[in-house]
Amino acid sequence: MAAPTNPLRDPRDKRLPRIAGPSGIVIFGVTGDLSRKKLMPAIYDLANRGLLPPGFSLVGFARRDWANEDFGQVVHDAVKQYSRTPFSEEVWRHLAEGFRFVQGTFDDDAAFDVLAATLKELDETRGTGGNHAFYFSIPPSSFPVVCKQLARSGLAEHKLDEWRRVVIEKPFGHDLASAQDLNAVVNSVFPPESVFRIDHYLGKETVQNLLALRFANQLFEPIWNAHYVDHVQITMAEDIGIGGRAGYYDGIGAARDVIQNHLIQLLALTAMEEPVSFDPKDLRMEKTKVLSQVQLPKDLLASTARGQYTGGWQGGAKVMGYLEEDGISATSTTETYAAIKVLVDTRRWAGVPFYLRAGKRLGRRVSEIAMVFKRAPHLPFSHTDTEELGANALVIRVQPDEGITIRFGSKVPGPSMEVRDVSMDFSYGQSFTEASPEAYERLILDVLLGEPSLFPQDEEVELSWRILDPIEKAWGRKGSKPDEYAAGTWGPPSADAMMARDGRVWRRP
Amino acid sequence: MIIDLPSTTTSAINKSLVSLREKGGAVTTGRVLTMVIVTDEGASEESIAAANEASFEHPCRVIVIAKGSRRGAPRLDAQIRVGGDAGASEVIVLRLFGELADHGASAMVPLLLPDAPVVAWWPGASPAIPADDPIGKLAQRRITDAASAARPLAAMASRVESYRPGDTDLSWTRLTTWRGLLAALLDQPPHESIQSVTVAGASDSPSTDLMAGWLALRLKVPVKRTKARAGAGMQSVVLHRKSGPLSLNRDESSTATLSAPGQPDRNVALPRRSLRDCIAEELRRLDADEVYEEVLKKGLPKVAAAAKSAKKPTASAFVGRPTDVKEAREAAKAAAAARTVVTATRAKRAAGKPAPRPRARKATS
């Protein structure tokens, strides 16, 4: 049966915003940092932009002994502190009417019965229409019990004209087997199309712009291949340490924390072929196609590097080394820096290595995709003229200072011919929008609208573990400690050596 | 930073802009459009403030053409604002005096950004045909505001005639949140067909007229436009369906209540949109707005025709809304008591006749 068409919608009417239908969201682990700093402000910002349905409700579930009002106060403080849009008493008042708090632990049957009753009450008084999203802002080890509870209390039941969706955050497992287990647990209760995995990188404007850059322009696609590209560097550097996340981070490490999801997704978007349409299905098909063709070099240890930061001075402040951080064992071998090299076995990318690196306590906070081009095959200049000419590069700056930089050679003014690198810069902040929405706003709205394009599915997650698992295994076999690097530098010397073996160098982002 | 350039020329202004860039590193090359605001001298600050705020979303060069007194010698006074005084834009205020006041376009051309689109905005009175205005001709998009005209409804009526692709009116922009909520309502089941619509708003609100026109056009059902006291803006929309009316009603405190049969009433904040929001939305799209054009050309006449015929109730007034038909029948019955049986039957037949028409339409929609 064809979906009933809405006479008020017209594809030409691009002004018309997409407002979510009657619905509510339940956050498990609502007292956590992510919930306060990202989710609550994002929900308020959506409401302030008029994109949430009238009667929207937010239910918090946690162990704390809070009344609805206490919960409201917590959300209020979080919104005041972190929201992007200005605070409006009016919007707040209507939104706050839909706040509920359910106290309990995950193994407490009674608490989930209360939750079920609360949702029923909301359906009746707020008109949420039985449409609820369950946001798991909790460790994956709690997924099975929460899923079981949702099934037991009848909250996961799928009814006609109503939807139940579940939102989960990384890590999606810690290797292929655990990811499959996790998928099995969640899918036993929710069908795959109701599972939304948040990879907040995919909600970023710059990442979505990557598709526009590649497929809306004639300028870039012709050079987007092995004929012109020498190699690709995808970087996500953080200047912070592990902060209060010791319990989560130790044993996981940079590769599982960042490379497996964010960087491999960026790689897929950079390397994939043009999808036939931007339909979620077509887009996913191209991503899985390219991910299934990612190959690892034979000598894994020679083409990867891992490091661990030591204490020192970073950006004018004295910082602790990883092993000295609270809650980290002095003998931990968890890496805080990881660099890997992969190849994409397609006609387009034959022989072009993709270098992926991620780390904490590096020089500065930056994420970027850099396509480094081959040198011109013939230079009609003398060697001395082009001594200072590097390789051309196209850099997509994901964060901060979102934009695109192109590096190319230009003549230095003067009587002699001397060519030196210059940058041409496109900055989002200058051409558009200081007011662009946060990734979480976009993603939460997409969950409520049931729009799956920006969420990786089981298959993508499993494919990315297939890429990472052999590397983790090789590192585990080696058994030694990660190489040390001083906080505030760009990683261990072994990472530079890894590039040097290929005759290349890391960009300083 | 504000730099005043009294009695100047456009080349001096350009020179000063370039030197500002070199000295302060002010980056002007990334601007995506030029926005020209045409006002009378003195009435420009509010519009500049709105443009500055909107520039955080769309960094632009803002050129304000403020027409001063037409007496005396022609003179051009300019003021350049950058940095904190200009949001994310750079503002060039041109005050035109004497004969020059009628030749604003000549002062503006040298200051347009290369290759970037031009948007013209008349916050107050607008030319009769914006697209034929010398400044309007240079612009890809022309923004007018019927609500700020002396006679809003007459201004809106003139837009129908003067429309050219690229025209838009803020009365239309102000409706976007309302339209979004209504469309979201109809996204939900039951997907019943709508039988008729009532739109209520201030008697002087062009936005309410446009809303009625839009609904008449999209839903292809009779739309009744009821008038409330002036100055209140949009007030309510009721969509009548078989299962009961769906209504969206805004009270004085800018809270809107959404009611649907079998569901609890829901409240949502629906404040009147700020100028900043409207301008930012306008700048998001620079192509012609076909939907607005259709509403102007086809939707408004539909509502006007219905309103006109409603005043003198002839058969054609009742375009087949079943309740109207029922009312007509009752009226006819009452009339029958006073008049002869013959006339009553005639009225009944006349009123009943058009009723099958919407049913035929429903089948095709």
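Colleague: What share of the contacts in chain B with a separation of 6 or more comes from residues 24 or more positions apart?

Modeller: Two residues are in contact if their C-beta atoms, placed from the backbone, lie within 7 Å. In chain B, residues 24 or more positions apart account for 71% of the contacts with a separation of 6 or more. Please note that this is a predicted model, in which local features need pLDDT of at least 70 and side-chain atom pairs count only at pLDDT 80 or more, while totals for chains, interfaces and linings use all residues. Residues are numbered from 1 along each chain as its sequence is written, and chains are lettered from A and ligands numbered from 1 in the order in which they are written.

Colleague: How many helices and strands does chain B have, and what percentage of its residues is buried?

Modeller: Helices (H or I, at least four residues) and strands (E, at least two) are DSSP runs, numbered from the N terminus. Chain B has 13 helices and 14 strands. A residue is buried if 20 or more other C-beta atoms lie within 10 Å of its own, exposed if 12 or fewer, and partly exposed in between, with C-beta atoms placed from the backbone. Of the 365 residues in chain B, 42% are buried.

Colleague: How many residues does each chain bring to the contact between them?

Modeller: Chain B brings 37 residues and chain A 35 residues. On the side of chain B, α7 (176-187), α8 (206-219), β14 (266-269) and α10 (290-311) each supply at least two residues. The largest share, ten residues, comes from α7(B). Residues are classed as nonpolar (Ala, Val, Leu, Ile, Met, Phe, Trp, Tyr, Cys and Pro), charged (Asp, Glu, Lys and Arg) or polar (the others, Gly among them). The side of chain B that touches chain A has 18 nonpolar, eleven polar and eight charged residues.

Colleague: In what order do the eight strands of the open sheet in chain B stand?

Modeller: Strands of a sheet pair through backbone hydrogen bonds, either parallel or antiparallel. Two strands pair if DSSP finds at least two bridges between them. The order in chain B is β1-β4-β5-β3-β2-β6-β7-β8, with mixed pairing. At the edges stand β1 (2-5) and β8 of chain B, each with a single partner strand, so one side of each has no neighbour in the sheet. β1(B) pairs with strand β4 (residues 75-81) of chain B in the antiparallel sense, over four bridges. Leu5(B) has Ala78(B) in β4(B) as its bridge partner.

Colleague: At what angle do helices α1 and α12 of chain A pack?

Modeller: Two packed helices are described by the angle between their axes and the distance between the axes. Axes are lines fitted to C-alpha atoms, for helices over the stretch in contact, and angles run from 0 to 180 degrees between N-to-C directions. Helix α1 (residues 33-48) and helix α12 (residues 439-449) of chain A pack at about 70 degrees, with axes 9 Å apart. α1(A) and α12(A) are therefore roughly perpendicular to each other. Angles under 35 degrees count as roughly parallel, over 145 as roughly antiparallel, 65 to 115 as roughly perpendicular and the rest as oblique. Their contact has seven nonpolar, no polar and three charged residues.

Colleague: How many residues of α12(A) are buried?

Modeller: Ten of its eleven residues are buried, including Tyr440(A) and Leu445(A). These buried residues pack against α1, β4 (132-136), β5 (164-169) and β6 (195-198) of chain A.
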